[in-house]
Every structure is written in structure tokens, then in C-alpha cells.
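Q: I have a model open and want to learn to read it. Can you take me through some features, one by one?

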Amino acid sequence: MGFVESIKTCFSKYFVFSGRATRPELWYFYLFYIIGIFLAVLGDLALNPELLENDEVGPWEIIFILIMLIPFTSVSIRRLHDVNRSGWWFLIQFTIIGLIPFYYWMVKPSDANSNKYGTNHAK
């Protein structure tokens, strides 16, 4: 799955929390998120350079984060399903130590076989 296809897939599955998502789908979408945040911050700074001095978050950044919150959550949950974990494990990242297993699962290869969340799309 390529960069553009990943973004299209994640937005077309905006509210889909079932099924599986491959590593490229998650990480290309994450790259899109990082690029989007960077551009939103640049846009905010172009409109109001004082944001940098006051260490504030601008309106474009807030809007982008709110738009991306649900699809980023859904692709993360589908990625957990891809490594045969319940979507509830998504909450482990809110404990500081939980970031270690969470990111391990995000980079772990997909389950080679079908699991209770669906078939392997990476084949």
C-alpha cells in the first residue's frame, strides 16, 4: 500500500473500527499526519507570528488535530487487530509505560494467518 492509497483508505474508513490495517497503512497515514501538523503550524505562524513567542497552539493546528483524531484512532485500532490484539489495548498508551508495548505492536509484522478480526491483507 502506498502513501496516497493509505490516506484514501484511512479517510474512507473514518468510523470503521473493525477489520485489520497493515503496517504501511498506519505508518503512511502517520507520515501524512506529521506533514499536516507541520503545514498547519506554518499556516498559523504566517497568520500570527506571536504564537511562537507565546508558545500557543493556533487555530489551523487545532482544526487539523480534531479532523484527524477519529481516523487516526480507527486505523490504530485496526492495526492492533492486525496483530491479534483487542482494540481496547489502544488505551494502554495513556499510561506512560504503556507506550512501549503499544509502539511494539504498531511495528510488529502482521499475523500471517487469518485471526478473529479478519484475513491478512498483506499477502
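Q: Is Asn84 buried, exposed or partly exposed, and what is its relative accessible area?
A: Note first that this model is predicted. Buried means under 20% relative accessible area, and exposed means over 50%. Asn84 has 38%, so Asn84 is partly exposed.

Q: Where does Asn84 lie?
A: Asn84 lies in the loop between α4 and α5.

Q: Now Asn113. Where does Asn113 lie, and is Asn113 buried or exposed?
A: Asn113 lies in the segment after α5, which covers 99-107. The relative accessible area of Asn113 is 54%, so Asn113 counts as exposed.

Q: Which residues are in contact with Asn113, leaving aside its neighbours within four places in sequence?
A: They are Arg20 and Asn120.

Q: What does Asn120 touch, not counting residues up to four places away in sequence?
A: Asn120 touches Arg20, Ser110, Asp111, Ala112, Asn113 and Ser114. The C-alpha atoms of Asn120 and Asp82 are 7.5 Å apart, although the two residues are 38 residues apart along the chain.

Q: Next, helix pairs. At what angle do the axes of α2 and α4 cross?
A: Helix α2 has residues 23-47, and helix α4 has residues 59-82. Their axes come within 9 Å and cross at roughly 175 degrees. An angle over 145 degrees counts as roughly antiparallel. Therefore α2 and α4 are roughly antiparallel to each other. By class, their contact has 17 nonpolar, three polar and six charged residues.

Q: How do α2 and α5 cross, and which residues meet?
A: The axes of α2 and α5 come within 9 Å and cross at roughly 115 degrees. From α2, Arg23, Leu26 and Trp27 meet Tyr103, Met106 and Val107 in α5. This contact of α2 with α5 has five nonpolar, no polar and one charged residues.

Q: Why do residues three or four places apart point the same way in an α-helix?
A: An α-helix has 3.6 residues a turn, so residues at that spacing point the same way.

Q: Which residues of α1 are buried?
A: Helix α1 covers residues 3-12, and its buried residues are Ser6, Ile7, Thr9 and Cys10. Seen down the axis of α1, they fall within an arc of 165 degrees, so they line one face of the helix. These buried residues pack against α2 and α4. The face turned away from the buried side of α1 carries the exposed residues Val4, Lys8 and Ser12.

Q: Which residues of α5 are buried?
A: In α5, Phe102, Trp105 and Met106 are buried. Their arc around the axis is only 105 degrees, which puts them on the same side of α5. The buried residues of α5 pack against α2 and α4.

Q: Last, where is confidence lowest, and where is it highest?
A: Read the pLDDT. The protein averages 89, and 98% of the residues score at least 70. Confidence is lowest in helix α3, residues 50-54, at a mean of 78. It is highest in α4, at 94.

Conventions
Residues are numbered from 1 along each chain as its sequence is written. This is a predicted model: local features need pLDDT of at least 70, side-chain atom pairs count only at pLDDT 80 or more; totals for chains, interfaces and linings use all residues. Side-chain values use heavy atoms; hydrogens and water are left out. Axes are lines fitted to C-alpha atoms, for helices over the stretch in contact, and angles run from 0 to 180 degrees between N-to-C directions. Helices (H or I, at least four residues) and strands (E, at least two) are DSSP runs, numbered from the N terminus. Angles under 35 degrees count as roughly parallel, over 145 as roughly antiparallel, 65 to 115 as roughly perpendicular and the rest as oblique. Ala, Val, Leu, Ile, Met, Phe, Trp, Tyr, Cys and Pro count as nonpolar, Asp, Glu, Lys and Arg as charged, and the others, Gly among them, as polar. Buried means under 20% relative accessible area, exposed over 50%, partly exposed in between (1.4 Å probe, protein chains only). Contact means heavy atoms within 4.5 Å. pLDDT is the predictor's confidence in each residue, from 0 to 100. The arc is that of the directions from the helix axis to the C-beta atoms.
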